[in-house]
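Dear colleague,

Here is the structure I said I would pass on. My notes on its cavities and on one of its strands follow below.

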Amino acid sequence: MDTAMPLSRFQSAATVAKVREQLARVHELVQRRAVLDTAVANLAMTLDIRPSEAAERLKQMAKNSGVQLLEAARMVQPPPPDDSPLPEVADWVHPLLETFHDSAAWLCPVRDSVGRVVGFRVLAANSHCTTPAGQRCDMIGRRLMSISPGIGTSGLLEDYIRAYESGEPYFRRAIEHLEISGERFWPVTMTVRAARVIDGMLLSWCVLDEKDMLISGWSRAQRLAELGWGEWDLATWQVIWTPQMYDMLGLDPGEKPIALEDLPKLAVPEDLAAVEDLIDTLLECRESAETEFRVRHRHGTRHLCVVAEPLLDSEGLPVKLRFLVQDVTRNRRRERSMARVQAQAVRQEERALEQQRVSEHLQAVILPNRQRFMHLPGLAVGVRYLPAEELARLGGDFFKARRLGEDKVLLAVGDAMGHGLAAAGLMLQLRAGLAGLAYTGEPANRLVTFLNSVIMDFAQSVNPVTGTMVVGHFDATKRTFVWANAGHLAPMLVRDGCARLLDGVSGPLLGAFEADYELNTTELEAGDLLLLYTDGIIEKRGRDLDAGIQVLLSTAQDCYQEDPEAMIDCILERLDGGHVEDDVCILAARVL
């Protein structure tokens, strides 16, 4: 029958199963250790060696026998009873042992063949003596490790031997000890004292009961939570503090606790009013109070949170004041650090928002018409500019389509690298520079070379910046497109239902280094459609650039129409251009 508690609505069967599995594993490991420690104790007593040596001997036995360590441990038998005569016990020993409130025993050393102390035998014990596991048994004449096998591997026996040989008394308060009884562990918390007296060893131990455990646990909790407790008796002037209270107030435990009227002296001047108000509330209003103030500590200023209450007599007069104090210095430091980080984040966000606002404004001023249709000499041109959905990703994409004389048209598409204000500023430099240089009559490669020099000069006064661009001149009379490429994606040509990239030489990025750019010439026919674009239309997460270009080629081929605007709409719809991660700029020019 399953007696397990039913699951609550906050538990899951998987969680309970996992916990039970872990507990079973721990139980198995504990049993294994109990068997091994018992074997080490039996082997040490049989061979008259120390526990550390017995542990090594057990490992060697397992290796030589070709068996697992646990199996070798189960083969070790308890030593036979020690029938050697016991030394005489002085008359004063028994009365002395009975004066102990705790379990106490008188021991004599056990030596090996060379005279080393390897253990102890019990010569006498008081009438209320029990093992650390809480069992009563006849201890007289037995080896200490046969009564308490856990002292071997825990190191306690080594401590007892050291105390006997050195003559220095040994004391351990509230140690966590694992006792072994019947191949089972019995975890206990106990206090141990040992001292050499004449040629014997006086040993006492006390297993802490529930009350002692609570007191010990409270002391540990005070250290972990940095809590202190204090009481001022207003009738007797007696002051009681816990050790933690001394540390938090910056006093040495050997000093006397300070009087109540001197408590304000410990506070920093700025917090003096808080301490005085606390004492007024306790003594005048006779009410509990809570406050926080800083004290001058030998290790610097400390922040203390105080909860205090008055104890009143039958007439309502305060007779005692009790304080519970917690050191919250680390919390306050963490809060100040978080506040600084948050303030920095707010400032950065404000700067980013301002940059986004300026970037948007620049783009709106520079590229006010995000959708345009133009009749130019020999061309029908459609343009579409789509900013990124995320303001933080606003970039530097731009286009230029302008008539130059009676039969010449300037076509350009560019991308200033990066996002935000820097990209928008670079875009402004490129587009304005191109607009001015276009009327010089220089070929496209010379225009790009001039723009590269402008960007190089711009980069010396600002942060290093780069950009890409395709610039070309369409001659309506010859139906030729003469163009230069500065690190940009090659233009596309759609002719007779087939789409391909234009062949041509591409030069370095603008702003990378001083360079000369080459001209490329493409012969066009009536009905041909030129497509100039930026990388925002082909870049998608999880897809490389070459795959994106192939997708655009296929889409442009399927979407070919005589109306450039309709063709752009088709391409954007097919490529989900309505939800772009980066700026998108497309220029479609159909040859008339």
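This is a predicted model: local features need pLDDT of at least 70, side-chain atom pairs count only at pLDDT 80 or more; totals for chains, interfaces and linings use all residues.

Two strands are taken to pair if DSSP finds at least two bridges between them.

Strand E16 covers residues 480-486, and six of its seven residues are buried. With strand E20 (residues 520-523), E16 pairs in the antiparallel sense over four bridges; there Thr 480 stands opposite Glu 523. Thr 480 also stands opposite Asp 475, in the antiparallel pairing of E16 with strand E15 (residues 467-475), which has seven bridges. E15 and E16 form a hairpin with four residues between the strands, where Arg 479 takes a positive phi near 50°. Strand E19 (residues 506-507) runs parallel to E16 and is joined to it by two bridges. Gly 507 in E19 is the bridge partner of Ala 486.

On cavities, a search of the whole structure gives two of 30 Å³ or more.

Nine nonpolar residues line the second largest cavity, with no polar and no charged ones, including Trp 232, Met 245 and Phe 293. Strands E9 (300-312) and E10 (318-327) each supply at least two residues of this lining.

Regards

Technical notes. Residues are numbered from 1 along each chain as its sequence is written. Side-chain values use heavy atoms; hydrogens and water are left out. On a 1 Å grid over the protein atoms alone, a cavity is a set of points where a 1.4 Å probe fits but cannot get out, and a pocket is an open set with protein on both sides within 12 Å along at least five of seven lines; lining residues have an atom within 4 Å of a point. Grid points are joined across faces, edges and corners, and a volume is the space filled by probe spheres set on the points. Ala, Val, Leu, Ile, Met, Phe, Trp, Tyr, Cys and Pro count as nonpolar, Asp, Glu, Lys and Arg as charged, and the others, Gly among them, as polar. Buried means under 20% relative accessible area, exposed over 50%, partly exposed in between (1.4 Å probe, protein chains only).
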